[in-house]
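Keep the view below open as you read, and look up each residue when its name comes up.

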Amino acid sequence: MTRSDAPPFPFELLAPPDPAVLPLPGASFPAPGVELLRGVVYDVPAGCRPLALDLWLPREAEGPVPLVVFAHGGAWRTGLRDDLGPRFRDWRPGPFARLAQAGFAVACPDYRLSGEARFPAQRDDLAAALRWLRGRADELGVDASRTVLWGASAGAHLAAHTALTTRETGTGPVRGCVGWYGPSDLGALAEDHTGGYDAADPSSFEALLIGAPPAADEERTRAASPVAQVTGDAPAFLLLHGGADTIVPARQSVRLADALRGAGVPVDLRLVDGADHLWVGLSDEGVAECFDRSVEFIRACTR
């Protein structure tokens with residue numbers, strides 16, 4: 001057979017395997033009653049690394065369990081998918097294992113950072129994780145109809161934006177959203193900061209996220225702000241924010257709470273006295289109370 005007679009190369013073989021059918025990794029058991037699937041690939045975006053999630057599951061569950069999807073912080077620029085913050089790194093068992101012991105599945109997905117892609121790629125990655133989890137819910141023993149999003153700092157921004165745009169992204173609705181000290185109105189950060197914030201700075205974390213300083217592109221800034229996505233069919237929200245936050249002003253959560261209330265959406269806003277960003281300055285008991293209050297909200301949303 002000559003080269004001209006050879007059949008065309010099957011270029012479809014160059015495509016990555018479909019995460020919807022990839023075998024799940026082997027489980028580990030990091031705490032009593034907890035099963036952990038680490039590094040589960042849920043999406044392979046073109047031109048980017050594969051995106052993975054860690055999945056914490058309760059063992060011996062009687063039927064499908066509610067799902068918590070956690071988005072990590074790190075100014076959209078860095079961070080680890082399974083890190084709730086420095087105040088929780090020495091918890092034994094860790095916070096996600098505790099959630100699994102309480103009867104919840106917890107997914108902690110990667111998302112593309114601002115050095116890899118501009119917004120809305122990060123929101124779209126969380127949406128892809130939600131769709132993957134729905135598609136494999138039966139296999140995982142998860143009730144995806146009882147899903148709550150949870151995020152901290154930049155992750156709170158992404159969790160809120162994802163919760164408010166489920167129709168746009170085709171994920172299906174979620175039951176609730178927990179946001180810890182997250183930005184919600186990028187165009188108002190300069191107004192809300194008392195320590196100074198340059199909305200025209202092209203090196204700010206927000207500018208690196210959206211591809212332009214907030215002061216230079218009102219359209220992109222508004223599109224990336226959760227407050228601008230609020231509608232009457234939004235899920236319930238719990239917003240916890242340190243009253244002394246010097247990184248993301250507490251006024252940012254107040255703005256989101258006001259927008260949600262204005263649309264008739266249930267929202268519980270708690271400003272934590274004396275707490276800075278990442279719960280710096282808060283007692284260990286106060287940090288545990290923030291965690292417990294969040295778990296109570298999730299339980300109420302998924303009951």
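Phe 70 and Phe 96 are both buried, where buried means under 20% relative accessible area, exposed means over 50%, and partly exposed lies in between (1.4 Å probe, protein chains only). What you see is a predicted model, in which local features need pLDDT of at least 70 and side-chain atom pairs count only at pLDDT 80 or more, while totals for chains, interfaces and linings use all residues. Residues are numbered from 1 along each chain as its sequence is written, and side-chain values use heavy atoms, leaving out hydrogens and water.

**Aromatic rings**

- A search of the whole structure turns up 13 aromatic pairs (rings of Phe, Tyr and Trp, the last by its six-membered ring, with centres within 6.5 Å; planes under 30 degrees apart are stacked, over 60 edge-to-face, and the rest tilted).
- Phe 70 and Phe 96 make a tilted pair, with 5.1 Å from centre to centre and 50° between the planes.
- This pair links distant parts of the chain: Phe 70 belongs to strand E4 (residues 65-71) and Phe 96 to helix H1 (residues 95-101), 26 residues apart. (Helices, H or I with at least four residues, and strands, E with at least two, are DSSP runs numbered from the N terminus.)
- Tyr 181 and Trp 279 form an edge-to-face pair, 5.0 Å centre to centre with 85° between the planes.
- Tyr 181 is in the loop between strand E7 (176-180) and helix H6 (189-192), and Trp 279 is in the loop between strand E9 (267-272) and helix H10 (284-302), so their pair ties together parts that are 98 residues apart in sequence.
- Tyr 181 and Trp 279 are both buried.
- One aromatic cluster takes in Trp 56, Phe 70, Phe 88, Trp 91, Phe 96, Trp 150, Trp 180, Tyr 181, Trp 279 and Phe 291.

**Salt bridges**

- Side chains of opposite charge can pair when their charged atoms come close.
- The count here is 20 salt bridges (a side-chain nitrogen of Lys or Arg within 4 Å of a carboxyl oxygen of Asp or Glu).
- Arg 38 and Asp 82 form one of them, with their closest N and O atoms 3.3 Å apart.
- It joins distant parts of the chain, as Arg 38 sits in strand E2 (residues 34-43) and Asp 82 in the loop between E4 and H1, 44 residues apart.
- Arg 38 counts as partly exposed because its relative accessibility is 42%, and Asp 82 counts as partly exposed at 30%.
- Arg 81 bridges to Asp 110, and here the closest N and O atoms are 2.9 Å apart.
- Arg 81 lies in the loop between E4 and H1, and Asp 110 in the loop between strand E5 (105-109) and helix H2 (121-135), so this bridge ties together parts that are 29 residues apart in sequence.
- Arg 81 and Asp 110 are both buried.
- Arg 112 and Asp 125 also meet in a salt bridge, at 2.8 Å from N to O.
- Arg 112 is in the loop between E5 and H2, while Asp 125 is in helix H2, 13 residues apart.
- Arg 112 is buried at 16% relative accessible area, and Asp 125 is buried at 1%.
- Arg 38, Arg 49, Asp 54, Arg 81, Asp 82, Asp 110 and Glu 116 are linked in a network of salt bridges.

**A buried proline**

- Pro 235 is found in the loop between helix H8 (218-223) and strand E8 (236-242).
- Because its relative accessible area is 9%, Pro 235 is buried.
- Leaving aside residues up to four places away in sequence, Pro 235 touches Ala 163, Val 174, Arg 175, Gly 176, Val 265 and Pro 266 (contact means heavy atoms within 4.5 Å).
- Pro 235 and Val 148 are 87 residues apart in sequence, and their C-alpha atoms are 9.1 Å apart in space.

**The whole chain**

- The chain has 10 helices and 9 strands.
- Of its 303 residues, 53% count as buried.
- Among contacts between residues at least 6 apart in sequence, 72% join residues at least 24 apart.
- Along its principal axes, the C-alpha trace spans about 75 × 50 × 35 Å.
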